[in-house]
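Subject: Structure handover

Hello,

Here is the structure I promised. Please open it alongside this email.

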Amino acid sequence: MENPVYSASENKTAFAADGTEVLFFNIDNSVYGVEIEFVNEIIGIEQITVVPKIPDYIKGVINIRGKVVPVISIRKRFGMEEIPYDDRTCIIVLEFENGTQVGVIVDRVQEVVMVEKSSISKVPDSKNVNANRYIKNIINSNDGIKLLLDCGKLISVN
């Protein structure tokens with residue numbers, strides 16, 4: 001896809017004294033978020049080249065302006081059933097401090113919101129509640145609870 005749906009600005013500083021910017025998206029009926037500082041761009045689904053002998057949650061690789069980027073299915077990563085892609089399915093391209101880029105497939109992107117620190121809670125320290133090790137924090141907003149993902153743990157291969 002030539003034109004990204006969203007492209008990060010040069011200034012990726014997303015933390016303010018009173019909160020942080022979060023990109024929210026849907027997987028099934030749940031709302032998840034990633035800190036905007038990790039978001040490089042959002043693109044539509046494009047041709048994914050399958051790579052043999054990799055974990056099943058890694059769908060393969062895509063070419064973004066000459067750079068090969070691995071793509072992860074969050075549904076598969078979370079042990080959920082995969083669904084056919086539609087016109088709202090997209091890839092959020094995350095970029096880390098070391099320049100590594102990884103695409104994550106989400107059902108649909110919602111919005112970017114400045115989340116106040118007072119709305120962000122730690123995940124309860126219980127094996128039953130925090131069975132999903134990819135959750136970094138819980139965000140309590142007027143329209144329900146949203147889960148902030150730990151981008152580093154989400155892409156780690158283990």
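Below are my notes, from the whole chain down to single residues.

This is a predicted model, in which local features need pLDDT of at least 70, side-chain atom pairs count only at pLDDT 80 or more, and totals for chains, interfaces and linings use all residues. Residues are numbered from 1 along each chain as its sequence is written, and side-chain values use heavy atoms, with hydrogens and water left out.

**Overall**

The chain has 13 strands and 2 helices. Both are DSSP runs numbered from the N terminus: helices are H or I with at least four residues, strands are E with at least two. The chain has 158 residues, and 42% of them count as buried. Buried means under 20% relative accessible area, exposed means over 50%, and partly exposed lies in between (1.4 Å probe, protein chains only). Among contacts with a separation of 6 or more, 56% link residues 24 or more positions apart. A contact means heavy atoms within 4.5 Å.

**Strand E3**

Strand E3 covers residues 19–27, and because 8 of its 9 residues are buried, it is largely enclosed by the rest of the structure. Two strands pair if DSSP finds at least two bridges between them. E3 pairs with strand E10 (residues 108–116) in the antiparallel sense, over 8 bridges. There, phenylalanine 24 stands opposite glutamate 111. E3 also runs antiparallel to strand E4 (residues 30–35), joined by 6 bridges. Leucine 23 has valine 34 in E4 as its bridge partner. E3 and E4 make a hairpin with 2 residues between them. Aspartate 28 sits in that turn, with a positive phi of about 60 degrees.

Where is serine 73? It belongs to strand E7 (residues 67–73). Serine 73 is buried, at 3% relative accessible area. A polar atom of its side chain lies 3.1 Å from the backbone nitrogen of lysine 76. Beyond its neighbours within four places in sequence, serine 73 contacts Tyr57, Lys59, Glu82 and Ile105.

The structure holds 1 cavity of 30 Å³ or more. The largest cavity has a volume of about 70 Å³. Its lining includes Ser73, Glu82 and Ile105, along with Arg75 and Tyr85. A cavity is a set of points on a 1 Å grid over the protein atoms alone where a 1.4 Å probe fits but cannot get out; lining residues have an atom within 4 Å of a point. Points are joined across faces, edges and corners, and the volume is the space filled by probe spheres set on them.

**Loop residues**

Most residues other than glycine have a negative phi. Lysine 53 has a positive phi of about 60 degrees. It lies in the loop between strand E5 (39–44) and strand E6 (58–64), and is exposed at 89% relative accessibility. Arginine 65 has a positive phi near 50 degrees. It is in the loop between E6 and E7, exposed at 61%.

Aspartate 143 is in the loop between strand E12 (135–141) and strand E13 (144–149). It is exposed, at 58%. Its side chain makes a polar contact of 2.6 Å with that of serine 141, and one of 3.3 Å with that of lysine 146. A polar contact is a pair of N or O atoms within 3.5 Å; within protein, one must be able to donate a hydrogen and the other to accept it, and residues adjacent in sequence count only if both atoms are side-chain atoms.

Best wishes

How values were computed: On a 1 Å grid over the protein atoms alone, a cavity is a set of points where a 1.4 Å probe fits but cannot get out, and a pocket is an open set with protein on both sides within 12 Å along at least five of seven lines; lining residues have an atom within 4 Å of a point.
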